[in-house]
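Me: I have a structure to study and would like to go through it in short steps. Can we take it one question at a time?

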Amino acid sequence: MPVNAQTAQVDDLTLIALPTAVNCADLFVRFTLGEWRLRNMIGECSAVACALVEAAIESADPKTSRLITLRLRLSGDYLVVELEAARFTMPPTSPDLRTGELQLGNGVKLIWCELQLPTGVNANAVPLPRREKRRSPAAEALGDEPDVDPELIQRILFGLGGSMGNGNQR
């Protein structure tokens with residue numbers, strides 16, 4: 001892992017080491033990279049993430065914790081795919097990938113693979129996800145928000161134990 005690079009964005013997903021985790025990993029990568037506007041990296045990143053998750057499933061011991069954590073992290077010039085698992089055997093990877101592993105506490109390993117960001121892009125240049133303010137379907141069904149009388153709200157607050165004296169409120 002780059003020693004001096006700071007993490008600009010990170011997202012993770014905890015999974016159970018079952019075959020369905022591979023599809024969940026793929027969906028997680030697609031969603032996260034879509035949010036980070038790195039759609040052109042989805043194929044390569046998904047292949048790496050799914051290979052790591054599949055290897056974790058194959059290595060999992062049914063007698064111990066089967067939880068695995070998949071993490072995507074933007075750091076410096078790289079998109080880093082990380083996987084934490086109690087037992088793990090690194091799958092074969094492309095010679096172009098920088099990979100590594102780190103032993104964490106309680107017998108958990110952290111496995112990582114770095115994918116080079118596109119030319120001219122670094123972690124700080126990737127925009128943060130933006131979410132539009134939306135009303136829930138239930139609120140939409142009710143129509144426009146009702147007008148609220150401030151005096152009515154004050155009377156309700158007073159009735160609930162608030163204070164209306166001299167504009168001082170507790």
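Me: How many salt bridges does a search of the whole structure find?
Reply: Keep in mind that this is a predicted model. The search covers the whole structure. Its count of salt bridges is 7.

Me: Which residue meets aspartate 12 in a salt bridge?
Reply: Aspartate 12 lies in strand β1, residues 7–16. Its partner lies in strand β2, residues 67–75, so the pair ties together parts that are 59 residues apart in sequence. The N to O distance is 3.8 Å, and the partner is arginine 71.

Me: Is arginine 71 buried or exposed?
Reply: Buried means under 20% relative accessible area. Arginine 71 has 15%, so the residue counts as buried.

Me: And what does aspartate 12 count as?
Reply: Exposed means over 50%, and buried means under 20%. Aspartate 12 has 40% relative accessibility, so this residue counts as partly exposed.

Me: Which glutamate meets arginine 71 in a salt bridge?
Reply: Look at strand β3, residues 78–85. The glutamate lies there and arginine 71 lies in strand β2, so the pair ties together parts that are 13 residues apart in sequence. With 2.9 Å from N to O, the partner is glutamate 84.

Me: Which residues do salt bridges that share partners join into one network?
Reply: Arginine 71 meets aspartate 12. Arginine 71 also meets glutamate 84. Shared partners extend the network, and its members are Asp12, Arg71, Arg73, Glu82 and Glu84.

Me: Are α1 and α2 roughly parallel or roughly antiparallel?
Reply: Helix α1 spans residues 20–35 and helix α2 spans residues 42–59. Their axes come within 9 Å and cross at roughly 150°. Angles over 145 degrees count as roughly antiparallel. Therefore α1 and α2 are roughly antiparallel.

Me: Which hand does the crossing of α1 and α2 have?
Reply: Consider how α1 passes α2. The crossing is right-handed.

Me: How many nonpolar residues does the contact of α1 with α2 have?
Reply: From α1, the contact includes Ala21, Val22 and Leu33. From α2, Ile42, Val53 and Ile57 are among them. The contact also has 1 polar and 3 charged residues. The nonpolar count is 11.

Note on methods: Residues numbered from 1 in each chain as written. Predicted model: local features only at pLDDT ≥ 70, side-chain atom pairs only at ≥ 80, totals over all residues. Heavy atoms only, no water. Axes fitted to C-alpha atoms, helices over the stretch in contact; angles between N-to-C directions. Helix = DSSP H or I, 4+ residues; strand = E, 2+ residues; numbered from the N terminus. Parallel < 35°, antiparallel > 145°, perpendicular 65-115°, else oblique. Left-handed = near helix turned anticlockwise from the far one by under 90°. Contact = heavy atoms within 4.5 Å. Nonpolar A, V, L, I, M, F, W, Y, C, P; charged D, E, K, R; others polar. Salt bridge = Lys/Arg side-chain N within 4 Å of Asp/Glu carboxyl O. Buried < 20%, exposed > 50% of the residue type's maximum accessible area, 1.4 Å probe, protein only.
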